[in-house]
Structure formats: C-alpha cells, structure tokens
Amino acid sequence: MSRVGVFVCHCGNNIAGTLNVEQVVRAAGAHPEVSFAADYRYMCSDPGQELIRTAIREHQLDAVVVAACSPAMHEATFRKACAAEGVNAYRCESANIREQASWVHQKQPEAATDKASDIVLSVVEKVRRNASLAPIRLPLTRRSLVIGGGISGLTAALDLADAGYPVILVERSPALGGKMRQFSRSYLNLADGEQLLQDRLSRVSEHVQIQVLPSAEVRQLSGYVGNFEARVARQEPEGEVEFTFEVGAVIVATGWDPYPLERVPWLGGGSHPDIVDTLTFERMLLQPEGLRRPSDGRVPQQVVFVQCAGSRDPERGVPYCSKVCCMVVAKQARAYRQQVPQGSACVFYTDIRSGGKGYEEYVQQAAEQYGVLYLRGEVGRVEAVDGQIRLQGEDTLSGLQLELTPDLVVLATPLLPAAGVQELAQVLRISADSNGFLSEAHPKLRPVETLTAGVFLAGCSQGPKDIPESVAQGGAAAAKVMQLFSQEMLLQSPTVAVVDAEICSGCGACIETCPYGARSLSRVRPVAVVNPALCQACGACAVICPNKATEVVNWDAGQILAMVGEVS
Amino acid sequence: MELAYYPGCSLHSTGQEFDLSVRAVFSRLGIGLTELEDWSCCGASSAHAIDPDLAVMLPARNLALAQRTGLDVLMPCAACYNRHVVASAHLAEDPALRARAEEMYGSLSGTSTQARPVLEVLCQDLPRGDLLEQVVRPLNGLPLVSYYGCLLLRPAAILQSEDPENPVLMDELLTDLGAEARRWSYASECCGGGLSLTRPPVVQRLVGRLVEAAREAGAEAIVTSCPLCQVNLEMRQSGHHLPIFYVTEVLAIALGVGAPAWWKKHLIDPAPLLRRYSLVG
Amino acid sequence: MTLLEAVEQRSHQDLRLCFQCHKCTAGCPSAVDMLFGPDRVIRLLQLGEDRRVLGSPDLWLCAGCGTCGARCPNGIDMAPVMESLRAAALVSGTRPGDPGALAFHRLFLGVARRLGRSHEATLLILYKLRSGNLFSDLGSGIRLVLKGKVPLLPHRIAGWREVAQTIDAYTPRAGEPPCEESARSKAWN
Amino acid sequence: MSEARPSALVIGAGIAGIQAALDIANSGYRAVLVESEPSIGGHMAQLSETFPTLDCSQCILTPRTVEVGHHANIDLRTYSLVEDIRRSKDGSAFQVRIRRKAAYVDWSKCTGCGACQEKCPFKVESDFERGVGVRKVIYTLSPQAVPNKPVIDAEHCRYLISKHEIESGTVAALTKSGKPAEPKCGACAKFCPTEAIDWDQKDTYEELEVGAIVLATGFDLMSPAQLGEYGGGQLPDVVDGLAFERLLAASGPTAGRVLRPSDGQEPRNVVFIQCCGSRDPARGQPHCSKICCMYTAKQAILYKHHVHGGEATVFYIDVRAAGKGYEEFLQRAQVQEQVNYIRGKVSRVYAENGHLVVKGADTLGHRSVDVIADMVVLAMAVQPRPETRRLAEMLDLAIDDSGFLCGLDEELAPIETLQSGVFLAGTVQGPRDIPESVAQGSAAAGKVIQRLRQQGGEAAA
C-alpha cells in the first residue's frame, strides 16, 4: 500500500480556464492509495513546491503525482522538491493535463475534465508501482573535438584551451580560418579577414592544448556524452591516415558554402564572367592592382548589386533569409566607391536588414556619404546579349522601370549549409532542418545545444549568421563544454531498458531495432546487454522482444496495463 | 515691460481684430507697444514661393529697423514671426547674404532684439499670477479648442518652440482663464492657409476636417494665434458657423476690455455664443 | 552639379539620407492633391528625373507647414527643399506645374514692390482678373471688403524703394544657374 | 560574507544574466546575481509567447528561474543595486558594494503565502504591466516570481506614509483624545501569519569580493510619450509593444483577453507601427532595434488568434526577419494569418469618434491610407537602461552613441571589454533577441570560467 499525494496545477488559466480543477482533485482523492490531493495556481512556483513539501511531511507521502504541464517542462523541478523531503525522485511523476487535456479540448470543458481525471488516475496507478532508483554515474574524458576551423570553431577551441581543456581541432580544408579568410574586410574593422584572424591563428598553432588536424574529416563517432570515440581521417601525401580520439564533447562549427551561380539563371548566373557572387567580389576587392572586372581586366564603371539573389525565394531558390547579405553588399558597395570614386554603384533590395550594432548607421552612410543608390525592387532579369550585360528591374518606390547595362553585376547569393554536413549529422546522430542547417535543442533557450547530449553547435552550421554572432556562439558552445567538464562524474537517468538474462534467447531483434545503438550481444554469453548511457528509454526493444525478456525500468508491462486499466 | 510692435500687413486688413485685441490686452496688462517705424512687408507667403533668398532679404529690412530700437519685437502674426526668425537664422549662417543685407539696410547686430510671438510673451514672460489677478470675467466653462497651426511651432529647432506634436501653452492659458480647453488631435495640423487663394478646394478639405474635429471634441469655438489661420478657418468652412477667435480676443473678454466693435468684423459672428455663456453685455 | 546636389546645398537638407519611409507624405496636408508627394519628389531627385520634378504641381502645392520636417526620422524638412525646387524650376525655364500659383505670387510681390507692403484688396482683384476666374471665389472677398477688413486705399511706406530693389534683385529669371551667386550680384549692382 | 570559493558577479537577472549565472554555477563556481527588481526574469517574464515557435515565454523561462532560485552555487540578491565596484591592487579581483533596498518584509520569515497582497486595500499602476494593469502596494511581479517574496512600495504605502508624517511632525504626535497617533492601515501586517512585515527595515549594504563581472543590465523601451504625433502618453488605446504583450499574456491583467485600455472592449482593428523612435536619428535613436519586426509579426498573429475576425495591420519600412525560421514566420503572418502589411510610416494618430484614425501611406501603392483602428501598438525603440551608464562610468567602459556598452572589438571580441575580467551579455551591448542573448550569456560565462580557472581557483565539487 502506497501513500500517494496528488497535486493539481491551475497553470494560471492554462488549465483552470478550461477544466474543473476541483473535480480532478476529488476524482484523485477517491483513489484508495491517494492519501492527499490538492490544487494550486502555479505548482512550479516556490509556494507551490512548498505545498508539496509540506504535504509530504504532514501526510507521510511516499509517492507524488503532479498534474500539470508536460513532464519535459517541470518534472525535474518537482522531483527535486520531493527528493528534498526524502521521497525518491523516481517516485514522483508528472501527469500532463495541459498539453493533453486543457489545451486541446478548450471547447469541451467537461470532457476535458474527465480526461484529466483519467490521466491523473492512470499516473497514480503507475507511480505506486515505481521503484526507488538512484542515477547512474559515469566517468568522462575532459577533451573535446571541434569540427571546423572557421571563426566560430577557432573561438570555441581557444576558449576551451585557455580554460585548460585539451582540444582536437579538425578542419576539412588544408588551412584554418574558414570563409573569413577570403574577406576583403569586415563591416566594422578596416583590416582584411586574414589580418583579423592572425592573432587567433597564431595562438591556435602555438597553444599546447590544441591539436590541429587540417585536411581531415570525422568519419565516425561512437560512445556517448563524456565518453565518445571519434574516428578522423586525414588526407596526407601518402594517402589517407586514420586517427582515433577519445573525447568527452563535440562542437560542430562546419560553417557554410556558397550557392552555385548556375542556380540563379534568371539573374544571368554562369552566363557571363562579369556576373559574380559576393565572395568572388571580396577577392576582386583584394586584387593588388586594384579592382578589375574578370572579362577584360577593365575597371568597372557601373556596378549593380542584387540582394536576395536566391534567398527568400521558395519557388526558385531557398526560402530563408541569408542574414548577412545586406551588410556584405553595403560594405562592398562602399569599398567599390572608395576604390573607384568616379564609378556608380546601385543596389537592388527588397528589405534592408541591418539589425545589428551600428549596422543601420553603416547602411545610411553607404547611401549618404558613399553615394550608393539603393533601389527597392526586384530585378526581373539579367542576361548577356552580345557580350553586354543587360539588367531589367523596377524601383517600386518611384514606379520607374529601369534598364541598365552595368559593367559588373554582383549577386548576393544565399549561404548554404556546408557540403557534407548531412552525412556528418548522421555520424553525430543530430538532426538538420529542411534547409540542411543543423537543429538546436531549443530555438530560444538552448541555441548551441543539440538533442544529443555532449554535441554542441556554433556559427553558420546552425543557420546564417554574422561574425560577432558566430564568435558569441563559439564562446557559448565552449562554455557548455566547460560546464560538462566541471562535473566529477556524469549522472544518467536510471529509467533505462534492462534485460532479464534468464529469459533472453539472444535472438538480436532488439539490437537491430534500437535506434540509439545502445544494445549489443554480451561477449560472455548469448544475451543482449544495454549500454545505459546510450539508452533513451524509448521502449522499442520491449515491444520487439519475442520473450518479454526486456523492459524499461518503471515502465514495465504491469505498470502499463494498470494505467490502461484505469482509463478504460 | 516695453516692446516694439510689428503688426504686419494682415493685421492692418484681414486681421484687424487681432491688432485691436493685442493693443487692448497689452495696454491693460501695462505692456507698452511702440510700432516699428516704416516697417515693410516680410514677403510671407509669396517670397519663399519663388526664391529662398528673397524670403530672407525682405524680413532683413525689419530686423535692421528693430535693431535700432533695442527692443524685442512683438509679432502677433504667426507667418511674419516665423519668417523673421527663420531669416535671422539664415543671416547668422550665411555671411554673404548678411553682408548684402547690412549694405542695404544697415547693421543687423549691436543689440540682441528678437522677434516674439504673443502667446510666449503672455504665457512665459508674464507671471501667471499677475495675469490672473487682472481677470474680471472668468470664461464660464466656454468649451474651446486651441489651434496653434504650423507657423508658431515649426520648424521647432529654429523657432525654439514647444513640442509641435503636443503644444500646451494656449490650453493652459485658456484653462486658467476659466474656459474648458477640449482635447483634440488637430492642434498643430495645417489648415492650408498658404494655399487659400490659389487652391481653394484643397483648403476647403483641410478646413472642413478641422472644423468637424473641433465640433466633435465638443468645442463651440476655435482659438488661434495666427491671422492666416483665422481668416482661412472663417472663410473656408461651410455650414458649421463655428466662431474663430484670436487668443487675445478671448483674453480681452476675461480682462474686461473686450469691445463689440471687433466682433462685428468676424465673418462668423461670435456674439450669440458669447451671450449664451454670459460673456458680453 | 546635379539638381539633387544643388537643392541639397541651397536648402541645407541632406536628401540622400531619405530611406523612403513615406512619413512625410502620410502627414502632408496637400499630398492627396499632389502628383508625387514629397517622398517621391526626393526619390525622383535621387534617380536624376529632374524634369519630372521641376514640372510637377507638387512644388506649388506645398503649404510650407513643416509637418514633414517635424516628423521625418532623418530630419529632412521639405519646405526649404520645395522652395529651392521652385526657384530652380523658374530659372530652368520649365513650364510651371501650377501657373496660377506662380501668377499669384508674382502679383503679390508686384504689389509689395510698389507699396513696400502688401495690400489685399488690390491683390485679390488683380489676381482674380488675371486668372480669368473673377467670380469663382469673389463672394468671400466681397464679404471681407464689406466687413471693412480690407482697406480700399493702398498705403505706400517711405522706404518702398529699398523693398522694390530687393525684390528686383532676388526674383529668379529663366536662364540663371540655379545656385550661382555671381548672377545675383550682377542683378544687385 | 565572501567565501574562499572564487566567484563572479552577474549584474542583471534577465535571460542573459540568468544564463550566465547558471552556466557559471553549474561549472562549480559561485555566482552572485544582482537584480534591481524584486524578482528575476527580466523582460522575458513579461512576454506572452515567443517567436517563431509561439512557445509560452513564462513556461520556458520558469524552469530557469526556479533553477536559479534553488541553486546551491548562486547567491541571489534581488531588489538590490550595485553601488560601487573597485578593482583590487593586483587587478585580479573586484571589491563590490551592494545595496539592498528596504522591502519592509522580512524575507526569512515570509512564506510567500500571498495573504498580504490579498488584503492590501490599495492599488497602483503597475510598471510590470506597462500601465495596462494594476498591482497592490505590497506586491510581487507575478505569481511565479522567484523569489516569491513581496516588497512594499514605500511611495504609495498608506502605513509608511502616515508613519513618516508622524515621525517628521507633519501630523500631531497625539490624537485629539490624547493617545499617541498611530500610522493608518497596516492591513498586510495584521493578516501576515508569520509576522514578516518589518516597518523599520532599512536599506542594507554588503561588501564582497569577486574575480569577474558580467554586465547584463538589459534594455528599456523608449517612452511613447516622446512621440506626440502618435498620441503616446495621451491616448489610452495607444500602447507600446510590451504593454500589448501583457494584454496577450495569460498571466496579464486581462488574463489573456485582448481588451483595449480605454473601455475594456475587444478591439476589432489593431494597427502596429514599427520603427517608433528607432531608425530615427532626428528624434529618437539612430539604431535599428532589431527585435521589433519579429515581435510585431508575432503579436499580430497572436491577436488574430485571440480575436476571431479581427483585423491586424502592420506599418513598416523594411521587415527585418533575419534569423533561423524568421523569414518563414513572417511569411506565415502575411499569407496564412492574413496580417495586412503596409510599407510606409505612419505620420499621425488622431482620436476621432471614439476610435483612432491612423494616417499612413503605402509607398508601394503610392497612396495615402487612413486606417480606422480600435487600438494602436507602437514598437518603441530599444534603449539602454539608465543604470548602465553609471556602471560604465564606475568600471571605465566604452559606450556607443546610443548608450549601449561596447565590446573590446564589436566583431571579434563582443563579450570582452576594455577591462579585463569584465564581460557583457545580452542587450546591454545592443538590441538582440532571446537566442542571441542566451548565447552571449553562455559565452560570457565561458570567459568567466576561463578566468577563474586561470586564477587557479578550483571549482567546488
């Protein structure tokens, strides 16, 4: 006989606005093993938690159900409160009556109330059968793998190394520095990209804590947070050499790749040597003899920049905004006017997105001080006719139709996720969005984490961003790793799959079905074993097992049947 | 207090009530006014229509005359006031133009006289308590809206005026005099006075909207401090018969120096309204 | 010098700062009657469409109220810009976008030139005669005269010659460069 | 008070400061988190939902605030101000003086039961509710406040005012019947079950030593009263973006119903005006406030969800949807949710016939538009909080033209400052959204951990 406490949260109006909270309390209180039931406005608040703790003391509760939001939200909060009063954390469960009842049945308050009562009672049935457990403790390796040697990867590596943690820095190309190395200059600094990187590059190469592997790629990652094993292949003159590293964390900073010009044929991409992308124009600005156009080496007198050349164009290009182009073009147009004062520069744009520190002012200066002409409107067509570029566009602000014959057209094409990042994502067991950028754990509050513990993101691998944002993200990812490495041991949830070796026949069905690679055959005898660090308790093994030899702790068949019995 | 006085062309014709009420009120308040000798037209609102420099050079003559008096110049007409202040600013910034003006009219510096609008002198120079002591006939809750128009407020940086989007001086004065200053959104909207003769349809639209908004705010009259606005609002409204007062006229009533002579000059006779609120006779 | 640059110099306004937010036009009391509105006047100047600007009635529809300047995020006051554009239109010989308005202003200054002050009765009658529109708006004029607000006899001030000289020197004539001081000095001497 | 354990000072407990403090604390170092308001969470606690996922702001924030409140390595100092900071002689540490404002409530006795707030008879306009809601004179910012301990607003408390009058002699010390005069009211004290009300509480001071500092003092919105043409501060149904958040929020004064302030009616037409004071060097701030385009799109969507058949119109100059999933979110607002986007700035908002007339223009259609609205929402400029300048002077940090703090190199070292050991996080450096602020908070924590490790202090196990 357990002594279960049930606590029903109003969640402001999120729950109490739809369903009858008191009725849920009464339904729960009628269960023979429920010794106490109450409701409160916000269970997650300090007084709400205090209510739980007081009830545990006063009613000698040994299990707790909090009927509130999704367990992903606050289960940890409530388990902590229970543990503080001596109730084992795993004897505390959340019953989700918000996402699963009040939010989805707003128009049927009575049915929602009945459903919430059922949910609560089924969780009572589960929790009274829950075992008391202790977290699993795992050791960890305090070394990290940083993939990508651009500005965000370099920043992450240096931050970690400066904090005293060794780093393996893997870079696909032969040299570190990433795309920034090709930049003529940044928006705010006068020096070119190479100069700006110099300090970081020399510190990385000299740092005792950093081992750099250029021309290398990560081929495989096995293991789990704190205890990964990475296989890295490096191209050397003699052929491919493979290295294996034990690391505790991985930072993915694979950056971006340019969009092929041929994919914007309506803007003449690929049809004329004087139609170039912004990255090419960066290099042109750095030519020692001054700016020359590719076709005949003449100084271009009229340059047209076309923004959103493929971005914000779900039909023909990519649906997303590439974020940096507005500023890149403003910078390039200014630089062009500086190098060729008698030349004219105009920019076709849809919206100017200069949201960053000093950016608005920077673009205003381009128009005011550098005489760059901004034309709001789309370019209909760019084509080469008899070797001459013709451009048709409209200035929607004045309504003027424009036909131009520029000497040079610079297309601000989209930023693409780095080539090969999809395969890498599979290797690392992380996910990517529909555009191919890697997915963060939460778009607001966990921007540099992934859903795979121990794997972090930085810079453009997650989506287009500019230099200061990439630097901040590199630093943030490093901080997350430092946090991880500061733990003495890693704590892992004990509610994982277990195998009853007496029943297991070693058929291997569960090994095949496990999506996390957490199961294998024992080396000692023909039974399945579970690596608890990898197991995510999904239960696929329990379903597939023909002999009912495997179960997830605190989610056993008896519990699930009791829960179902309560509902039906 | 002693001021030089520049009535401007309007106050000698369409804006006579303004001239009369200014003289009456200032005399009652003990502020001496000496008309600037041989003053000339400032060019408003045609000089700036055809040449920016001409719009500076015509006021420059009056500015030179004013320098010789050593007194600040009261300029009730908002257009004249605006043009003179803007001209002073241009003359201070453009040495060539200034040299030409001085060659023509004599020195523009020496004393620090400046143009002053009526409202500012009444509300800022004069202690409010002193003014209210002279009130003999509080305005009995007469519902009014203040209308500042454009030229007293803009360009604010040059005129050093109060916030053009939310001016308060006139409202405060009217409230203190016992009137009920109604809130409305049109206190500094343009009435189109500058286009009154050349584009009557444009102006009728603008005035119509102002008068309707004043009615909707519950006002029984509009109070202004600009002769262009006053005549424009009276002449171009249709069907509303909403009286348009100069601020000095309203003040004159409160000070007991209001004269029926100038009510008769209004295109829209305010006497019936004043009778209803027991403010005449 | 482009018209854009000449106007910027003369009006002391920085038109290149304009990012076409349209706040000026939204608040302009005359905009609904304009062909372009203040924001597109700037835009056309930026694009070098000078003739369309100089010939537009918009220049003559600006009431000079300064609402645009008070609200512009970039601090651009269109009233002086319009002033400079009108002067530029006159010296360029472009057919004025509103000949009636120009005629009125010339009459106004003509009266001031003769008297040293304005005289509304003279002006009203001359203007209505000249515009061939004698009866369109005469009602209110007559009402003003009957109210005794418009003195019928003009008064000439002692210093009228100074005023006349000033007006003569600063009235733009077709063919003058839009912003050249030397031409002005000639007229002056 | 200062312990031997190396520690860092984090000033400002908005999301950036919270993230920095948690990351420092979770790495085993002590973080002293100072917040001037009675509870933590910053502006994020005021938001309804967040873009582009429409996650409930309070729901994703509360786990973090609760974690801060219970964290063994975080010393929370709410309702407190940093009075002084001095660097130690060897440069490695900082001496910090913190003033805790008198709350007139003994928090060690208070259980947060809320009886005092229920019984307090006086209501005043609430800053947290941005003027569209009220609070009691003894108050917490929200029911989920961390810490959930109330403070008394001395300026409006009847008891404290009358107590001061008696003590200063403005009111006779004896009543007519000859008894000593008693301060009036005191309802909170009468009903407090733990006798936690302390009428004699004074400001208290604390000195401590820290090895590093994170500045995360955040932002304010420019006051709508500065834009007279929109009727800001004069027309009750013209509100700023944060006020509209409160009207959308389930925990807000209208319990999540969009009701206009003047008469409590549901607005059928809402106009949103972007760039109010931003991108406006002539009268506001030269900078772009960066977050408004997205939160306006979000508010328009949420409004349309709350008020079926309601019309939402957005006036904009450029829509700046630069961020992951932002462009797609904007498309959703325009296409699926049918929010009416008009490119052009509004010149004036008039009050007319009990509604508002918004006079704008459509630069693309080349026409003027007058939109009749029941409510107008102004996306006011993001600007630094006043105390930021004071802290910058104290620490000798660089400030930009808008008053935001400058990073050592705004591009390559945005977190570090001219002063070693002093780091920046969040909007104290310039306008930015939540994920950027969180990333900066973590990055600043990384710099702090690095420094504390280099100084040789071992983290607590």
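I began with the side of chain A that faces chain C: 12 residues of chain A are in contact with 13 residues of chain C, contact being heavy atoms within 4.5 Å. The model is predicted, and local features need pLDDT of at least 70, side-chain atom pairs count only at pLDDT 80 or more, and totals for chains, interfaces and linings use all residues. Residues are numbered from 1 along each chain as its sequence is written, chains are lettered from A in the order in which they are written, and side-chain values use heavy atoms, without hydrogens and water.

I then looked up the area buried between chains A and C, which is about 1,100 Å², with 56% given by carbon and sulfur atoms; buried area is the accessible area (1.4 Å probe) that two parts lose on being put together, summed over both. In chain A, Gln364(A), Glu368(A) and Leu397(A) lose the most area to chain C, together 45% of what that side buries.

Next I looked up charged pairs. Chains A and C have 1 salt bridge between them, defined as a side-chain nitrogen of Lys or Arg within 4 Å of a carboxyl oxygen of Asp or Glu. Asp395(A) forms a salt bridge with Arg43(C), and their closest N and O atoms are 2.7 Å apart.

I noted the make-up of the side of chain A that touches chain C: 6 nonpolar, 2 polar and 4 charged residues. Here Ala, Val, Leu, Ile, Met, Phe, Trp, Tyr, Cys and Pro count as nonpolar, Asp, Glu, Lys and Arg as charged, and the others, Gly among them, as polar.

Finally, I checked the other chains. Of the 5 pairs of chains in contact, A and D share the most contacts. No contact joins chains A and B, whose closest C-alpha atoms lie 22 Å apart.
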